Amino acid sequence: MSFLNYLFYPVLGRLLDPTSFGETQTIISFFTQAAAFFQVLGLVSIGIITKYSDEALRAKLTNEISRLALILSLVFFAISLIFSPLLEGFFHFTSVGPFVLLGITLLVNVPLSFANAYLQGHKRFKTLARVNILNAVSKLALAVSLVLLGLKTMGAIGGLIGAQVIGLTYSLYKGRGVRQFVRDNLHLRRPNLQLLRPELPYGLVVLATSLTTNLLLSFDILVVKHYFPPVLAGLYTGISIISNIIYFVSGPFAAVMIPSIKPAYSAARNYATLRRSLLFTTAIGGSVLIIFLVLPHLVVTVLLGHKYARYAVYLRGLGLSMFMLSLANLLIYYHIGLRHFLVAPTVLVGMATTIVLLAAAHATIGLVVRDLVIGALVLLVLLAGLLPVYREAPA
């Protein structure tokens, strides 16, 4: 699933000119940030599914969360329409069209997010993987077809929308219980926040950590897109996307780990699960990092072509940053699963460090990469420092 999702980027990198590729990745970065809100609500739903045995209470809570998600999607859609001319100029786009499609993408993302949350919360990983694999394949096929028709950035984002519709359709008809779950929960009504009050602290923690993690993954693309010429920004984006391979291959371990981490389990059991997950993440992500460190020019040339090769030197630093973020992400999921609320301010401090560094030094691409490495290291050290704090916490 991760490989197919990632394949989308190098293929489009070869089909699109650097300017269009930079625009596409900027839109996807915005989508990632906004989708974090729905990812958070999905994770809260997973927490409810695993926490409460009372089916009626579980249904009520997830129903209120889904209403909140629908309202947020409409708000984001309106924002994308209203501010699209301003964003077009700020990020040097050639039209407002991609920002309009961004809003549509977020509308479609809501039911898909809740369908996936249902599958993940019930540990239906095989069905979830099939949904996401179909999503990845159709996203690539549709985007390539539309780009070849000459639609460029609009075609790439259009492929993303179409893939989400296909993935949702499959999930509704093949995922046992998903159709009923989505039908029961997705209603456009005012949510009862009073009923959700016990889950709001957890939701805010998940929101803070998810937003900052997603920002750390793509904030550099937004910075470079604003401060550097469009062609240079597009070329840098290609190298940044290659470095994300480490995160793509490591991310599934965190997704599988979180339903297996529970406050009711003993500290020893939860720590054992974390150690195994760290071992797999380090082995796989570390192997990719070694390739990046030894053969950056070859990797860039094979994946994106010679036009990106002159910036291959930055793959080492970006790869190191992604490796540390992958480990940090695993620790974040661990603390979220155990409802360790100190993780939120810890992650915010790590994000603030990166922002301050980028604000102070962004004159060259090399400085941007250096800032990312330092910020990721600070975040990882801070999160690792939380582990002894909770080690003796009661089960």
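Analyst: A definition to start: a cavity is a set of grid points where a 1.4 Å probe fits but cannot get out. This is a predicted model.

User: How many cavities of 30 Å³ or more does a search of the whole structure find?

Analyst: Two.

User: What lines the largest cavity?

Analyst: Leu-216, Leu-217, Asp-220, Ser-240, Ser-243, Leu-318, Ser-321, Met-322 and Leu-372. By class, that lining has five nonpolar, three polar and one charged residues. The space inside is about 40 Å³.

User: And the second largest cavity, what is its volume?

Analyst: About 40 Å³. Helix H12 gives the most to its lining, with four residues. The lining has three nonpolar, four polar and no charged residues.

User: How does the lining of the largest pocket divide by class?

Analyst: Into 27 nonpolar, 22 polar and one charged.

User: Now the outside. Which residues form the nonpolar patch on the surface?

Analyst: Ile-71, Val-75, Ile-79, Leu-81, Ile-82, Phe-83 and Leu-86, with about 610 Å² of accessible area together. Helix H3, residues 55-82, gives five of them.

User: Where is Leu-86, then?

Analyst: In helix H4, residues 84-90.

User: Is Leu-86 buried or exposed?

Analyst: Exposed, because its relative accessible area is 59% and the cut-off for exposed is over 50%.

Conventions. Residues are numbered from 1 along each chain as its sequence is written. This is a predicted model: local features need pLDDT of at least 70, side-chain atom pairs count only at pLDDT 80 or more; totals for chains, interfaces and linings use all residues. Side-chain values use heavy atoms; hydrogens and water are left out. Ala, Val, Leu, Ile, Met, Phe, Trp, Tyr, Cys and Pro count as nonpolar, Asp, Glu, Lys and Arg as charged, and the others, Gly among them, as polar. Patches are made of residues with over 30% relative accessible area and no salt bridge: like charges are joined within 9 Å, nonpolar side chains (Val, Leu, Ile, Met, Phe, Trp, Tyr) within 5 Å. Accessible areas come from the Shrake-Rupley method with a 1.4 Å probe; for residues, only the protein chains shown count as cover. A salt bridge is a side-chain nitrogen of Lys or Arg within 4 Å of a carboxyl oxygen of Asp or Glu. Helices (H or I, at least four residues) and strands (E, at least two) are DSSP runs, numbered from the N terminus. Buried means under 20% relative accessible area, exposed over 50%, partly exposed in between (1.4 Å probe, protein chains only). On a 1 Å grid over the protein atoms alone, a cavity is a set of points where a 1.4 Å probe fits but cannot get out, and a pocket is an open set with protein on both sides within 12 Å along at least five of seven lines; lining residues have an atom within 4 Å of a point. Grid points are joined across faces, edges and corners, and a volume is the space filled by probe spheres set on the points.
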